[in-house]
Amino acid sequence: MRKTVKQFAVLTAVLLVFALFNACMYFLLTGRLANNFSDASQSKMVDVAKYLPHVPESDLARIDASLQLTDNLPVLDGAAALLPVYAAIVDNVYPPGSVTYEGGSFSDDNYYGENFAADSKMQYKNTVRGYQAIVDGTTDILFCAAPSEAQKAYAAEKNVELVYVPVGLEGFVFFVNENNPVSDLSVEQIRDIYGGTYTNWAEVGGADRVINPVTRLAGSGSQSAMDAFMKGREIARKSPFAVTGASIGFSFRYYMDGIVDNDSVKMLSLNGVYPSAENIRNGTYPIIAQFYAIYRSDNDNPNIPILIEWLLSDEGQTIIEESGYVRIR
């Protein structure tokens, strides 16, 4: 009998330990993660298949372009956020057959441009590899945001001078989960969040949740834009508990609103101004970035200046606008 009582007491103690452990896990983790507004940090792949030139069902801006190139075709490449622009240029100005694929056809796994053949006049290396390609001479015109300091240093190391021609405008935006009650922040509040001054959403009018400030890959267009936005201020090291909190992320307006089209996140107004195309056009949105057509100054392809001049014409600027961005002229 005594042995049975002892076994029962041990079993009861084990159950109490498990109950106490589960209660602690709920209050410390599960309770915080429930409704934590964190999927703002989840990025989606660009569906390259939607932006293939010379494919009738592609989602590209199409006009009756007066410029038609047939030879000496510059190789175009660029950031994921600007894929609709340079793909539309190829579609409107280059002849069919100028975009080629390894194996002869487009692959559904072509997330990072792996399937574009070496002789294709359109590539898709994105910002980090794209800047290296323009310096190394395998790309003729790169469509990107401003470079990072490391990318400038790489060009200087290779003794390459790059020419940056502004061709359009875009808003640099911050976004949160759609259920986050915060919809507007000031520019200084954003800097204070990433600088570590604010660590809880309650400090900026939100719920009692730890702030999880998400950053991007070093050298990407959005991370370089963020570094410039911070104006020399260091991005603070995140709290170990940030993963249990609610995220804030950053990107470019049309990439979020038009390309990935993630319904579970919302873009924030800054200083009371929403990042709409109209507010970028009229200059009221506080963070407006230029994007560029970039080429090497020693590139002697005669069609580079012709193509860029056309891109700055009314026809080219119409392509920019109808691709979802804001014309610079």
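Trainee: Is Ser224 buried or exposed?

Mentor: Start with the scale. Buried means under 20% relative accessible area, exposed means over 50%, and partly exposed lies in between (1.4 Å probe, protein chains only). Ser224 has a relative accessible area of 10%, so it is buried.

Trainee: What kind of model am I reading, and what are its ground rules?

Mentor: It is a predicted model, in which local features need pLDDT of at least 70, side-chain atom pairs count only at pLDDT 80 or more, and totals for chains, interfaces and linings use all residues. Residues are numbered from 1 along each chain as its sequence is written, and side-chain values use heavy atoms, leaving out hydrogens and water.

Trainee: What average pLDDT does the protein have?

Mentor: pLDDT is the predictor's confidence in each residue, from 0 to 100. The protein averages 88, and 86% of the residues score at least 70.

Trainee: Where does pLDDT stay under 50?

Mentor: Over residues 21-35. Where pLDDT is low, the predicted coordinates should not be read in detail. For residues 21-35 the model has 13 contacts beyond four places in sequence. Contact means heavy atoms within 4.5 Å.

Trainee: Back to Ser224. Which helix holds it?

Mentor: Helices (H or I, at least four residues) and strands (E, at least two) are DSSP runs, numbered from the N terminus. Ser224 lies in helix H6, residues 221-229. Beyond its neighbours within four places in sequence, Ser224 contacts Ala146, Pro147, Ser148, Gln151 and Gly219.

Trainee: Where is Gln151, and is it buried or exposed?

Mentor: Gln151 sits in helix H4. Its relative accessibility is 11%, so Gln151 counts as buried. With neighbours within four places set aside, Gln151 touches Thr127, Val128, Tyr131, Gly219 and Ser224.

Trainee: Why is H6 largely enclosed?

Mentor: Count its buried residues. Seven of the nine are buried, so H6 is largely enclosed by the rest of the structure. Among them are Gly221, Met226 and Phe229. The cover includes helix H3 (126-136), helix H4 (149-157), strand E3 (162-177), helix H5 (187-195) and strand E6 (246-252). Just after H6, Lys231 takes a positive phi of about 55°.

Trainee: How many salt bridges are there?

Mentor: A salt bridge is a side-chain nitrogen of Lys or Arg within 4 Å of a carboxyl oxygen of Asp or Glu. By this rule the count is 11. Asp91 and Arg62 form one of them, at 2.9 Å, N to O. This pair links distant parts of the chain: Asp91 is in helix H2 (residues 83-93), Arg62 is in the loop between H1 and E1, and they are 29 residues apart. Asp91 is buried at 11%; Arg62 is partly exposed at 36%.

Trainee: How many helices and strands does the protein have, and what share of its residues is buried?

Mentor: It has 10 helices and 10 strands. Buried residues make up 49% of the 329 residues.
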